Amino acid sequence: LNRMEMIFHLVLLVSCCFADQFIVPPVLLKEASYPEWVHYHWVWLSNDRANQSSMIDYAKQYLDHDIQVGAVDIDSSWSTGFNNFIFDTKKYPNAAEMIDFFHSKKIRVIIWVTSFINTDSSNYKEAHEKRYLLRNALDIQTTISW
C-alpha cells in the first residue's frame, strides 16, 4: 500500500469503529496541491539585522533544535538598489555560497522583489529604453511614488 492508501484505510477504520465519539467525523482529504515545505518554518530577519552570516546562523539555530525550515526570506535590503538584482556584497559577500548552503539543507530561498523599479536604479535606463515598464492608455510611461 502507498501512503495515501494507508491513510485512507486508517481513516476508514477510525470512522467505522469510533464514529459515535466524533462530533465531526474524520474525512480523507485530497493531497494538497502545494509542496509540503510551505508548512515548515520560514526564517526572516529585519533589514537592520539581515546579512549572509546572520541569515545562515539564524537558520542553523532552528535546525539545531530540530525545527524544520521550509524557507529563508531575504528582505529588501539584499540588493544595492530596489529591483536591480545585484546583491549587496557588503551584506552578502558570497550569495551563491549562502544559497548553496540553504539548498544543501533543503531550505528554499525567497528574495524580496517588487513590481517597481527606482529611477536611480542601475537598470532603470535599460528598462525605460526597452519599454519594459507599464504605460498608460496614451502609451506614456510615468513614474509614481511608492
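Which residues line the second largest pocket? Let's start there. One caution before the list: this is a predicted model.

The lining runs through Arg3, Met4 and Ile7, then Leu28, Leu29, Lys30, Glu31 and Ala32, and on to Tyr34, Pro35, Glu36 and His39. Sort those by class and you get seven nonpolar, one polar and four charged residues. The volume of this second largest pocket is about 310 Å³.

Now the largest pocket. Its volume is about 440 Å³. It has 18 lining residues. Which of them are the closest to its centre? Ser115, Phe116, Ile117, Thr142 and Ile144.

Next, the chain as a whole. How many helices and strands are there? Four helices and three strands. Read from the N terminus, the order is α-β-α-β-α-β-α.

Is the chain compact or spread out? The radius of gyration is 23 Å, while the globule rule gives 15 Å for 146 residues. The value for this chain is well over the rule, so the chain is more spread out than a compact globule. For the dimensions, take the C-alpha trace along its principal axes: about 70 × 45 × 30 Å.

Last topic: helix packing. Look at helix H2, residues 52-64, and helix H3, residues 95-104. Their axes lie 10 Å apart. The packing angle is about 10°. Angles under 35 degrees count as roughly parallel, and H2 and H3 are therefore roughly parallel to each other.

Which residues make that contact? From H2, they are Gln52, Met55, Ile56, Ala59 and Lys60. From H3, they are Ala95, Glu97, Met98, Phe101 and Phe102. By class, the contact of H2 with H3 holds seven nonpolar residues, one polar and two charged.

How values were computed
Residues are numbered from 1 along each chain as its sequence is written. This is a predicted model: local features need pLDDT of at least 70, side-chain atom pairs count only at pLDDT 80 or more; totals for chains, interfaces and linings use all residues. Side-chain values use heavy atoms; hydrogens and water are left out. Axes are lines fitted to C-alpha atoms, for helices over the stretch in contact, and angles run from 0 to 180 degrees between N-to-C directions. Helices (H or I, at least four residues) and strands (E, at least two) are DSSP runs, numbered from the N terminus. Angles under 35 degrees count as roughly parallel, over 145 as roughly antiparallel, 65 to 115 as roughly perpendicular and the rest as oblique. Contact means heavy atoms within 4.5 Å. Ala, Val, Leu, Ile, Met, Phe, Trp, Tyr, Cys and Pro count as nonpolar, Asp, Glu, Lys and Arg as charged, and the others, Gly among them, as polar. On a 1 Å grid over the protein atoms alone, a cavity is a set of points where a 1.4 Å probe fits but cannot get out, and a pocket is an open set with protein on both sides within 12 Å along at least five of seven lines; lining residues have an atom within 4 Å of a point. Grid points are joined across faces, edges and corners, and a volume is the space filled by probe spheres set on the points. The radius of gyration is taken over C-alpha atoms; the globule rule is 2.2 Å times the number of residues to the power 0.38.
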